[in-house]
Protein chains: 4
Amino acid sequence: MTAADDATARLLVTCPDQPGIISAVSTFLYNHGANITDFDQHSSDQQDGTFFLRLEFQTPDLDCSHEALANNFRNRVASRYGMHWHISAPGAKKRMAILVSRHDHVLMDLLWRVSRGDMPATIPMVISNHDDLRDEVERFGIPYHHIPVNKDNKAEAEARALELLDGQVDVIVLARYMQILSPEFVARHPHRIINIHHSFLPAFVGANPYQQAWDRGVKLIGATSHYVTEDLDQGPIIEQNVQRVSHRHSAAELRGLGQDVERQVMLRAVRWHLEDRIIVDGNKTVVFVK
Amino acid sequence: MTAADDATARLLVTCPDQPGIISAVSTFLYNHGANITDFDQHSSDQQDGTFFLRLEFQTPDLDCSHEALANNFRNRVASRYGMHWHISAPGAKKRMAILVSRHDHVLMDLLWRVSRGDMPATIPMVISNHDDLRDEVERFGIPYHHIPVNKDNKAEAEARALELLDGQVDVIVLARYMQILSPEFVARHPHRIINIHHSFLPAFVGANPYQQAWDRGVKLIGATSHYVTEDLDQGPIIEQNVQRVSHRHSAAELRGLGQDVERQVMLRAVRWHLEDRIIVDGNKTVVFVK
Amino acid sequence: MTAADDATARLLVTCPDQPGIISAVSTFLYNHGANITDFDQHSSDQQDGTFFLRLEFQTPDLDCSHEALANNFRNRVASRYGMHWHISAPGAKKRMAILVSRHDHVLMDLLWRVSRGDMPATIPMVISNHDDLRDEVERFGIPYHHIPVNKDNKAEAEARALELLDGQVDVIVLARYMQILSPEFVARHPHRIINIHHSFLPAFVGANPYQQAWDRGVKLIGATSHYVTEDLDQGPIIEQNVQRVSHRHSAAELRGLGQDVERQVMLRAVRWHLEDRIIVDGNKTVVFVK
Amino acid sequence: MTAADDATARLLVTCPDQPGIISAVSTFLYNHGANITDFDQHSSDQQDGTFFLRLEFQTPDLDCSHEALANNFRNRVASRYGMHWHISAPGAKKRMAILVSRHDHVLMDLLWRVSRGDMPATIPMVISNHDDLRDEVERFGIPYHHIPVNKDNKAEAEARALELLDGQVDVIVLARYMQILSPEFVARHPHRIINIHHSFLPAFVGANPYQQAWDRGVKLIGATSHYVTEDLDQGPIIEQNVQRVSHRHSAAELRGLGQDVERQVMLRAVRWHLEDRIIVDGNKTVVFVK
């Protein structure tokens with residue numbers, strides 16, 4: 001719900017767990033005039049586990065520049081504990097590319113929310129393998145790139161997309177993009193591509209999950225947002241939700257009902273990513289939800 | 001929620017769909033002085049579908065005996081439309097056997113609710129492959145049969161259970177019974193054995209679903225109640241529900257959280273079966289929920 | 001989920017309960033070649049209750065015109081049982097006016113869904129007391145009427161709105177319309193005005209429900225869609241839903257989180273109204289949900 | 001889900017917010033050999049707010065006794081920041097009294113879970129104004145005190161209960177205790193009496209909430225657990241949940257459906273209290289949920 005504001009910075013940390021980390025980090029920040037206003041932490045195991053940390057701090061009384069703070073943190077804290085870490089600057093918004101085919105329900109919701117300031121992002125581009133949604137996107141003043149894909153030009157099309165994306169984006173959202181990305185593409189954006197799968201994973205992987213769900217006679221349908229890895233539908237799950245259905249619903253009606261769940265699950269994943277709330281832990285996620 | 005009362009009968013019907021069925025059934029009942037007080041129906045398809053019907057009717061002003069009503073229905077309505085049908089007598093309670101191993105949370109809830117009159121059933125017996133829960137069960141005045149099962153005596157043990165059950169029960173509830181029933185056993189009680197699987201089927205079939213769920217990093221865990229068929233975990237699903245979890249929960253904690261969902265999902269399935277709300281349609285169920 | 005199609009008609013009935021109604025209605029339809037494909041019914045009480053019925057029937061084999069069917073139904077069935085009833089013609093779409101102030105989240109969702117054919121309605125007009133949303137609405141080719149309201153011209157403004165609406169609409173949706181309608185206005189459209197209240201009624205009636213909810217420290221916030229009557233926030237409830245919140249959320253964040261619930265609850269109410277699924281029963285509703 | 005174990009201690013803190021608290025607390029613990037394994041915190045406001053903290057720490061490598069640690073914490077940290085604080089000893093279980101009238105569904109669930117070790121508590125006594133549930137309680141080896149209450153002996157009865165409770169209990173659970181406690185009684189156990197109200201507060205305060213809910217025609221019923229204060233049904237809310245209902249349910253059926261929600265909401269509140277997860281903030285609660 002909170003957009004990035006101009007005085008709040010965020011620190012994310014992953015490192016081998018050991019006593020003293022919280023003391024070291026919090027004392028470091030305190031000594032530099034940073035006031036911690038939100039603090040969340042997780043230890044994956046009491047023995048030899050991994051330590052995960054997300055905190056927000058206020059920067060108005062900082063005794064040095066943002067860059068100096070980061071440098072000092074690296075030298076005095078991060079290196080001692082073997083940390084992977086990231087400090088996001090106050091007010092920084094992530095750049096989010098959207099890839100889409102023809103379904104517009106997730107796309108439109110994202111465009112809307114970003115345009116209203118309801119999500120801390122900018123959208124430098126939308127890329128689609130169809131030209132259908134151009135008008136809808138350009139109305140928001142966002143560049144729309146139509147890159148047709150067929151079985152013969154797949155590698156080329158991906159190369160063109162990668163070229164557009166290279167260095168321009170912090171996160172890529174597949175808002176019902178009906179093409180499978182190559183391992184090479186994925187490797188260029190590790191843990192930065194968010195997909196929505198229209199089932200409650202790991203049930204119903206692959207094509208046509210609503211038809212599969214209808215065939216099996218389930219009483220709840222679901223949707224799953226996850227980071228894309230090279231194994232289709234196997235990446236780290238970010239969020240899931242379900243919707244009750246009954247014998248009265250056709251497979252087509254499941255599809256309709258499911259769209260609202262897809263949208264909801266996608267919005268949460270995107271928001272959490274934009275707010276630096278997600279840390280990937282192997283093939284799982286740690287999500288520091290408000 | 002409603003217990004069977006002494007004036008309410010129920011009719012269940014399955015037959016090929018065609019125009020005129022509702023008119024025929026409701027007129028037949030009206031002419032015999034039966035007052036329809038609840039009526040639910042489903043057509044699986046507009047073309048060549050199957051018609052499913054459940055209705056409740058009041059019997060005080062019936063112009064004939066319950067038996068005569070059934071006979072007339074067979075001759076005048078059911079035969080004409082090729083119906084599978086069943087009329088439950090007013091006040092009839094189904095006889096429910098419970099099979100259990102060592103987990104008592106589902107068992108105890110069933111014993112409790114039946115003993116309070118909160119579920120329209122009698123419990124003629126509890127059968128277990130362990131002796132642990134004997135005292136808990138006998139306190140309710142219910143016979144407890146301990147039939148040990150090991151890899152050598154499985155067929156024998158099943159034969160002994162079938163002998164006990166034969167003709168004595170209308171439904172068999174596997175309240176965490178940790179043995180796989182043979183196809184022969186299942187065939188003797190088609191669509192009358194209710195199992196609870198501790199996952200959101202079809203995800204995580206087989207053993208240790210909570211560990212599987214933890215390994216996969218899902219954000220919701222679930223439970224599924226279904227009729228047992230000869231294919232393990234593949235029978236018609238009756239009810240499902242889920243519970244939100246996070247990265248903070250260990251596999252053991254998922255197991256604990258899941259128990260409440262298991263119990264809830266099982267209770268609904270059992271109640272619906274006892275109230276004649278479920279009709280099996282191939283490998284699916286039609287559930288006429290209140 | 002289902003849009004009206006060209007062969008499906010619907011019958012809604014309310015009348016004093018007595019035996020024989022289902023038989024009379026279903027036999028009447030059968031004799032005219034109407035094939036019942038969905039049938040739902042409710043009796044408010046076993047003694048001296050009210051009987052409610054909704055059914056869908058297929059009209060291709062009807063032996064008379066739609067008008068003749070309605071006339072015959074009136075003479076042969078409805079009059080005998082003292083019915084309030086309505087038959088909607090196959091393919092008929094209700095005309096829906098939307099009244100809105102400045103919040104566009106509910107409005108846009110309605111415009112979108114109708115324009116996609118996802119809701120069986122036409123939108124003859126949008127009326128607003130502000131001019132802000134004109135462009136958004138006119139893009140869809142829908143007339144936008146700006147009728148400013150202030151404390152001096154309220155009666156006049158309402159009169160102007162009534163004039164626009166008179167005979168042109170079947171249902172009026174208050175998509176966050178921040179003006180209280182006079183009893184006279186409401187009386188002109190009884191059970192045809194749908195409002196969304198941003199709380200779980202009857203908790204937090206009146207202004208600023210999110211602030212009230214925050215002050216009270218509730219753990220769930222809600223939204224309620226209801227028909228407007230002359231008593232503010234007291235009309236028959238159509239649908240409600242809730243969203244979990246915690247001590248971490250400010251009143252402003254409750255407002256943000258609540259918008260999704262408002263939208264969802266409003267969409268369901270509107271859809272059900274358009275599909276003739278709601279019958280008002282005193283100050284309550286009977287909702288025949290799929 | 002987690003029971004207290006023998007090496008995990010917990011610290012709860014409430015104090016005026018200011019920079020440096022996390023650093024001070026975590027460094028203090030680190031210096032004494034305490035390893036923080038769970039840490040949750042909340043600031044009620046960025047300006048002049050209140051700071052709330054809950055943390056778990058491992059004690060095997062502590063360099064002093066539990067008492068010395070507490071003393072040092074008081075002198076070196078708590079006094080400097082004006083803290084209200086509490087350190088629970090490793091393995092400590094709270095003593096929980098249960099007050100009940102005749103409804104046993106919440107009572108039995110508590111007895112069961114404590115007896116299985118599923119909740120970190122002991123139950124020194126059950127007090128009831130009726131004698132009905134004596135056998136059920138004594139089976140668990142728990143003393144049952146029958147203190148009849150009528151309009152003439154209310155003060156006396158309370159005095160007797162207070163005498164029994166005095167110094168013997170850490171928390172009092174009203175498991176459907178149908179008597180209103182006097183302000184004097186409540187004042188003796190501030191924020192230590194947990195009640196369940198069978199509605200979604202603040203809707204339907206007072207008697208017969210299910211009948212009130214039915215009369216209003218709500219589409220969800222709820223239950224609320226809260227700390228008892230001298231204002232009936234107005235104390236700080238701990239947890240709430242809801243259950244979907246429809247026009248088909250009678251007021252009696254709402255009562256039946258509601259019992260499961262009541263039980264669930266009560267169990268969560270009790271568990272969280274036992275695990276020191278709740279801090280009262282004025283008339284609200286901060287709940288550090290796992």
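In this predicted model, 34 residues of chain B are in contact with 34 residues of chain A. Together the two chains bury about 2,800 Å², of which 52% lies on carbon and sulfur atoms. On the chain B side, the residues that lose the most area to chain A are B:Arg216, B:Lys219 and B:His247, which together account for 25% of what that side buries.

Four salt bridges are found across the interface of chain B and chain A, along with 24 residue pairs in polar contact, both residues of each pair being at pLDDT 80 or more. By class, the side of chain B that touches chain A consists of 14 nonpolar, 10 polar and 10 charged residues.

**The interface of chain C and chain B**

Here 17 residues of chain C are in contact with 16 residues of chain B. About 1,600 Å² is buried between the two chains, 51% of it on carbon and sulfur atoms. Zero salt bridges are found across this interface, while nine residue pairs, both members at pLDDT 80 or more, are in polar contact. Helix H1 (21-31) and strand S2 (35-43) of chain C are the elements that give two or more residues to the chain C side. S2(C) gives the most, with seven residues. That side of chain C has five nonpolar, 11 polar and one charged residues.

Chain C is superposed on chain B by a rotation of 180° with 0.0 Å of shift along its axis, at an RMSD of 0.0 Å. The two copies are therefore related as by a two-fold rotation axis. Of the interface residues of chain C, 94% are also interface residues in chain B, so the copies meet through the same surface.

**Salt bridges**

Over all chains, the structure holds 96 salt bridges.

C:Asp170 lies in the loop between helix H5 (154-165) and strand S9 (171-174) of chain C and C:Arg95 in strand S5 (residues 94-100), so the pair ties together parts that are 75 residues apart in sequence. C:Asp170 is partly exposed, at 24% relative accessible area, and C:Arg95 is likewise partly exposed, at 29%.

D:Arg244 is partly exposed, with a relative accessible area of 38%, whereas C:Glu239 counts as buried at 2%. Elsewhere, salt bridges that share partners join a set of residues of chains A and C into one network, among them A:Asp109, A:Arg113, C:Asp109 and C:Arg113.

**Helix H3 of chain C**

Helix H3 (residues 105-115) of chain C is mostly covered, with 10 of its 11 residues buried. Among the buried residues are C:His105, C:Met108, C:Leu111 and C:Trp112. Just after H3(C), C:Gly117 takes a positive phi of about 80°.

How values were computed
Residues numbered from 1 in each chain as written. Chains lettered and ligands numbered in written order. Predicted model: local features only at pLDDT ≥ 70, side-chain atom pairs only at ≥ 80, totals over all residues. Heavy atoms only, no water. Buried < 20%, exposed > 50% of the residue type's maximum accessible area, 1.4 Å probe, protein only. Helix = DSSP H or I, 4+ residues; strand = E, 2+ residues; numbered from the N terminus. Contact = heavy atoms within 4.5 Å. Buried area = accessible area lost by both parts, 1.4 Å probe. Salt bridge = Lys/Arg side-chain N within 4 Å of Asp/Glu carboxyl O. Polar contact = N/O pair within 3.5 Å; in protein donor to acceptor, adjacent residues only side chain to side chain. Nonpolar A, V, L, I, M, F, W, Y, C, P; charged D, E, K, R; others polar. Least-squares fit on C-alpha atoms with pLDDT ≥ 70 in both.
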